[in-house]
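Subject: Structure for you to look at

Hello,

Here is the structure I said I would pass on. Please open it beside this email.

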Amino acid sequence: MSDYIIPMRSRTEAELGSRTAKSHGLRVSVVSVDPSLTKSGCSYGLRVPSKDAADVIRMLEARGINHGEMIGRAR
Amino acid sequence: MNNIIYLDNAATTNPKPGCVLRAVEKAILHCSGNPGRGSHPIAARASELVFDTRETAAAMFGASAENVVFTPGATYALNYAIKGLSKAGCLILIDNYAHNASYRPCLSLAKNGVCRLKVYDASASDEETVNNVRRLIEDENTVVIATHHSNVSSKILPVRRIGEVCASAGCKFIVDAAQSAGHIPIDLQKDNITALCIPSHKGLYGISGAGLLISARDARYRTTIEGGAGISSLDEDMPDILPERLEAGTLPLPAIASIKAGAEFVSSIGTSTISGYESRLARRFMNGISKKDRIRVHGDCGGSVISFTVDGITPAEVGEWLADRGICVRTGYHCAPLAHRTLGTYASGSVRIGLSYFNTSDEIDRTVYALDLLCRTK
């Protein structure tokens, strides 16, 4: 079982994404993204169970919420 | 405190609703992490509270949560908006009721040769006011500023109609809602507002130390303050997205919690109910002083703000007389020289009464009685 991290542009957009996903019953949490994975330092993302990742991405895009490339992460 | 009559609500509302006090306490007790800085449980709680407040404010003022920026107050919000949206060489139009919170940033830009500044008349007729704005707009770079509700009188500018003019000219529209938020419905989209500036501690019944700058989706700001934003730490520049672009440094969490609770309090009662109640109190005051020849009311007086002077007695003396009887009013210029020029009180300033939902008819009657006594004694 693994999680994915969906990088977000800001803490605010991460909160927005988290609430959007949660309103559809999906389990996500806002986490700090390892700065080594970004070019610009501190950032936030959504931790999503792998089975829900595609749904969460779809939801973000439907709401017009920007996100980065998914990062795989062993739980 | 029971004998105090607080009529300085245009400066800061007092008392605060119980829900605001509880929200502030809860924020300090349970959420005292740094919002947007880390994802441990306490920081996360703080971030969630901040986002909840963005959503509450966005819903109240017709905006999106991510376009709600927290500032140290409405003055900062106005500075961010005026200095961040005005392009070099542009014309700024400001109304003749403006508070120094908007007027001085404009003067600063004009004196430094960054922009040009013209003052338009907010006339007795809304039609004329709108035409005054329309006549002066040069092009899409013009920035129009409107004081939605004066802080010296109850003058209200036709924001929706001015917004329509700005939208059709493609120019930016900044609204100082320091006195109107919580009293008059405002909808960022319907009113075509680019930047809406609101304090926590007035009509939203929050505590001091925070304000809101709520922006249209397409608003692009130059920064006025730079610093840590919690994201993009390795970049030299502030993030290019709202709200983080304009939120350098740690946010004032207790004050933000108070905005949420205060805005919910206002929404639960309704702005029209609040303003209707305040108008009834204003009428009661006006009826009470109507036969006192020495008292002169200046400008519009049907809403939450009434300015007056007493012949032969300075505003400061009137304020002192009332303060001696436990009645709190504001005297002087109320940081609004343009408004006093407009109202003809530039020489003396005025005594200002600012009403809130917590004032009572009895308080108005006791104030009228104190003024009656003053007129008969001095």
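Predicted model: local features only at pLDDT ≥ 70, side-chain atom pairs only at ≥ 80, totals over all residues.

Side-chain values use heavy atoms, with hydrogens and water left out, residues are numbered from 1 along each chain as its sequence is written, and chains are lettered from A and ligands numbered from 1 in the order in which they are written.

Helix H7 of chain B covers residues 253-269; helices are DSSP runs of H or I with at least four residues, strands runs of E with at least two, both numbered from the N terminus. Just after H7(B), Gly270(B) has a positive phi of about 100°.

Among the buried residues of H7(B) are Leu253(B), Ile256(B), Ile259(B) and Phe265(B). Buried means under 20% relative accessible area, exposed over 50%, and partly exposed in between (1.4 Å probe, protein chains only). Phe265(B), at 15% relative accessibility, is buried, and Tyr357(B), at 27%, is partly exposed.

The search over all chains gave nine aromatic pairs. Rings of Phe, Tyr and Trp (its six-membered ring) pair if their centres lie within 6.5 Å; planes under 30 degrees apart are stacked, over 60 edge-to-face, and the rest tilted. Phe265(B) and Tyr357(B) pair edge-to-face, at 6.5 Å centre to centre and 70° between the planes. Phe265(B) is in H7 and Tyr357(B) in the loop between S13 and H11 of chain B, so this pair ties together parts 92 residues apart in sequence.

Regards

Note on methods:
Expected span 1.5 Å × (residues − 1).
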